[in-house]
Amino acid sequence: MLDKINNILGSDLTTDSAWAGYCNRKNHVALEGQKIKQKSGPRVGIPRALFYYHFFPQWKRFFENLGWEVQVSPPTNKAIANEGIAEAVSEACFPVKVHYGHSLYLSRQGVDLIFAPRLISIERRSYICPKFMGIPDMLRAQIKSLPPLFDISIDLSQGSRHLNRQLRQWALETGLSPHQVEQAWQQAERETDYLNSICRAGFRLGEAIRIWEGHPMAKKGPAALNIGVLGHCYTLNDSFVNLNLFGRLQEMGVNAVTVEMADPDLVHKAADQLPKRVFWTVGRDLVGGALVYDRDPAIDGIIYMTCFGCGPDSMVAKVIERRMKKPFMLLTVDEHSGEAGLITRLEAFCDMLRRRRDRVEDNISPHGKFSYSH
Ligand code: SF4
């Protein structure tokens with residue numbers, strides 16, 4: 001895995017000093033970005049929700065390349081979540097309600113526009129959950145004091161020509177040079193490759209964004225238990241939504257790994273073993289990641305965190321659960337979930353994994369079947 005990152009970054013990151021140097025280099029890149037931010041231009045708000053965790057560096061660099069100022073909403077807190085819950089349609093899943101809360105926060109900050117892309121597809125032959133398509137319309141319908149939205153459609157299932165047409169159209173409407181806008185987008189796309197390469201060095205997306213912003217972070221050492229954690233990026237990287245799942249696991253002596261840390265080729269190859277292709281981008285990664293964890297002897301167990309009301313997960317989680325041979329736990333959270341219930345389940349799961357690893361007990365249940373088979 002590190003070989004691949006080293007190829008991308010052109011240095012050997014296997015030593016601590018090389019890693020520190022890499023963090024400093026990223027710090028320098030981030031500072032360069034801040035210099036561009038000094039130029040006066042409209043202020044665009046980016047909600048810290050949904051695909052912020054996949055694309056923030058790219059989106060930020062795009063606007064900065066145009067000389068625009070970027071404002072991000074703060075990490076989710078109770079006030080932001082409650083406001084989103086109050087405004088959003090009740091059928092929406094928790095992460096969409098949280099996105100409402102962030103958009104409301106930004107609309108009060110006097111930003112000139114809010115970036116709310118209509119995400120349809122981010123790769124060929126695969127799609128994003130349909131709720132992403134409706135985000136701009138839902139925001140407009142529900143929030144009265146909303147500033148203008150930059151709601152460009154991103155549908156890469158049709159190739160990059162569709163996106164370029166959208167960018168040119170937006171440039172003409174905004175009075176910018178279409179060539180400049182296309183160039184700004186193409187340059188910014190490299191930031192997503194950078195972000196992914198940081199993840200593959202063993203960091204979750206939220207941590208990788210912090211490193212990209214210039215905050216050096218220590219590499220994690222070995223732990224007593226290794227658990228593969230599955231879930232959507234906006235659930236796993238928002239500690240308010242996931243009830244501080246990773247903090248809790250760390251306290252319990254667990255090294256938690258997530259799909260973005262794995263080699264994407266391995267993940268896709270594993271997902272392709274299913275008789276039918278999963279056509280949701282994130283669902284496919286989760287299936288592939290689960291199958292990789294299931295075969296990896298270093299992984300003791302698997303946790304899947306989903307949000308109540310998630311349509312794609314109601315199918316993907318079941319497909320995964322039925323195929324797992326290792327201990328598997330499904331955690332469902334929503335706006336009513338409490339930390340106490342989560343801690344109890346995590347403690348019981350980790351306890352079971354320790355006993356199983358130390359062979360204190362076998363895998364035969366009182367009913368005479370393997371306790372983790374289906
Ligand atoms: S995939 Fe699930 S959690 Fe994500 S936006 Fe769609 S319904 Fe909500």
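Two residues are in contact if their C-beta atoms, placed from the backbone, lie within 7 Å. By that rule, residues 24 or more positions apart account for 70% of the contacts in the chain with a separation of 6 or more. The model is predicted.

**Overall make-up**

The chain holds 15 helices and 10 strands. Of its 374 residues, 39% are buried.

**The ligand shell**

Which residues surround the ligand? They are Cys93, Pro95, Val96, Cys129, Lys131, His232, Cys307, Cys310, Gly311, Pro312 and Asp313. Two elements, α5 (94–107) and α14 (311–323), each give two or more residues to this shell. The largest share, 3 residues, comes from α14. Sorted by class, the shell has 7 nonpolar, 2 polar and 2 charged residues.

Where does the ligand lie relative to domain 1 and domain 2? Domain 1 spans 2–199 and domain 2 spans 220–357. Both give residues to the shell, so the ligand lies between them.

**Pro312, a shell residue**

Pro312 is one of the residues around the ligand. It is found in helix α14. Is Pro312 buried or exposed? A residue counts as buried if 20 or more other C-beta atoms lie within 10 Å of its own. Pro312 has 21 such atoms, so it is buried.

Setting aside neighbours within four places in sequence, Pro312 is in contact with Cys129, Trp280 and Gly283. Cys129 also belongs to the ligand shell. Gly283 is 29 residues from Pro312 along the chain, and their C-alpha atoms are separated by 7.2 Å.

Strand β1 covers residues 43–46 and runs parallel to β2, joined to it by 4 bridges. Within this pair, Val44 stands opposite Val70 in β2.

**Pairings of β7**

Strand β7 (residues 225–230) pairs in the parallel sense with β8 (residues 254–258). It also pairs in the parallel sense with β9 (residues 301–307). In the β8 pairing, Gly228 stands opposite Val257. In β9, the bridge partner of Leu230 is Tyr304.

| Strand pair | Bridges |
|---|---|
| β1 and β2 | 4 bridges |
| β7 and β8 | 5 bridges |
| β7 and β9 | 4 bridges |

**Glu189, in helix α8**

Glu189 is found in helix α8 (residues 178–199). How many other C-beta atoms lie within 10 Å of Glu189? The count is 13. A residue is exposed at 12 or fewer and buried at 20 or more, with partly exposed in between. Glu189 is therefore partly exposed.

Glu189 and Phe55 are 134 residues apart in sequence. In space, they are 8.8 Å apart, C-alpha to C-alpha.

Definitions and conventions:
Residues numbered from 1 in each chain as written. Predicted model: local features only at pLDDT ≥ 70, side-chain atom pairs only at ≥ 80, totals over all residues. Near = placed C-beta within 6 Å. Nonpolar A, V, L, I, M, F, W, Y, C, P; charged D, E, K, R; others polar. Domains from an automatic or database assignment. Pairing = 2+ DSSP bridges.
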